[in-house]
Amino acid sequence: MIRDFQLPPTGFGPGSQAPEEAGSELEYMSLPQDMRTYAPHLPMVEPDEALAPAMELLGQIADAADNVSKGARAATFDLSGLDTTNRALIAETMGEGEVAMKLRGIPALSVQESVFAGIWCITGSGIDRIEVAPVPQASRDHAFAASLQGRSVPPGPGVVNAPALIAELKDKSARYDGTLHVINLTLLPHTEEDLVWLQDRLGQGATDILSRGYGNCRVKATALPFVWRVQFFNSMDTLILDTFEVTDMPEVALAANEDLADSGARLLQVMEATR
């Protein structure tokens with residue numbers, strides 16, 4: 001019995017592909033790198049009775065972290081009374097963690113999370129303190145105070161979906177009851193003109209937050225109460241998620257109770273190793 005002769009598929013095998021040009025190489029997209037992770041850091045100090053005020057204060061901060069993790073109120077510690085040596089020990093022990101904030105106002109405040117999640121270093125004109133809390137209270141108090149007022153400008157050419165979004169955000173803002181509401185711009189059709197018009201209408205609040213980890217997360221309060229712009233970037237600084245969140249504080253900026261409990265325990269371990 002004669003069977004049909006089957007030709008081999010074309011486009012495969014030796015000679016089917018164009019020869020490589022001289023000097024050409026196959027290029028791969030760079031993979032994400034350099035994720036920030038916790039690494040224990042021990043202050044390089046010799047035991048000294050003169051450092052007793054700083055060591056006592058560190059113990060109080062560790063206890064406060066454990067208490068706050070169990071539901072206690074936030075605790076604040078004034079550092080302005082420490083001498084230069086003790087203040088330097090506090091700074092070296094705290095280090096710099098993943099979250100930083102810029103709080104506009106009078107006075108303007110700079111907030112840096114320490115390497116211990118939920119333990120925040122806050123500085124400003126005449127202010128030098130540590131706060132133990134899921135997030136500093138000052139970042140909530142005046143978050144939506146307008147540093148740049150929203151403008152009532154009519155939609156121009158290219159503005160397509162922004163009017164519907166601003167109506168939704170205003171409604172959720174006015175009726176905010178503690179329930180998180182998210183508008184995912186990444187999944188919604190919009191134009192560049194939409195984004196510019198939204199920014200003009202929403203204005204700018206007083207709290208800016210940068211969370212650095214696997215890439216960056218940039219959080220900005222708008223001048224519309226409870227409305228935040230939350231943008232996630234990968235390690236190559238490419239925008240991968242763009243959202244509006246209607247909430248009192250985006251979760252990405254908060255230290256969880258488990259983080260606070262762990263911070264208290266780790267701070268005690270550092271103190272033991274320092275003694």
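Here are a few worked exercises on the aromatic rings of this predicted model.

**Exercise 1.** Work out which class the pair of Phe144 and Phe226 belongs to, given that the structure holds three aromatic pairs.

*Solution.* Start with the ring centres of Phe144 and Phe226, which sit 5.8 Å apart; the cut-off for a pair is within 6.5 Å. Next, take the planes, which are at 55°. Stacked needs under 30 degrees and edge-to-face over 60, so this pair comes out as tilted.

**Exercise 2.** Find which parts of the chain the Phe144 and Phe226 pair ties together.

*Solution.* As for accessibility, Phe144 is buried at 17% relative accessible area, while Phe226 is partly exposed at 28%.

**Exercise 3.** Now do the pair of Phe144 and Trp228: classify the geometry, then locate both residues.

*Solution.* The centres of Phe144 and Trp228 are 5.3 Å apart and the planes are at 75°, so call this one edge-to-face. Trp228 belongs to strand β9 and Phe144 to the loop between α3 and α4, so the pair bridges parts 84 residues apart in sequence. Trp228 is buried, with a relative accessible area of 0%.

Note on methods
Residues are numbered from 1 along each chain as its sequence is written. This is a predicted model: local features need pLDDT of at least 70, side-chain atom pairs count only at pLDDT 80 or more; totals for chains, interfaces and linings use all residues. Side-chain values use heavy atoms; hydrogens and water are left out. Rings of Phe, Tyr and Trp (its six-membered ring) pair if their centres lie within 6.5 Å; planes under 30 degrees apart count as stacked, over 60 as edge-to-face and the rest as tilted. Helices (H or I, at least four residues) and strands (E, at least two) are DSSP runs, numbered from the N terminus. Buried means under 20% relative accessible area, exposed over 50%, partly exposed in between (1.4 Å probe, protein chains only).
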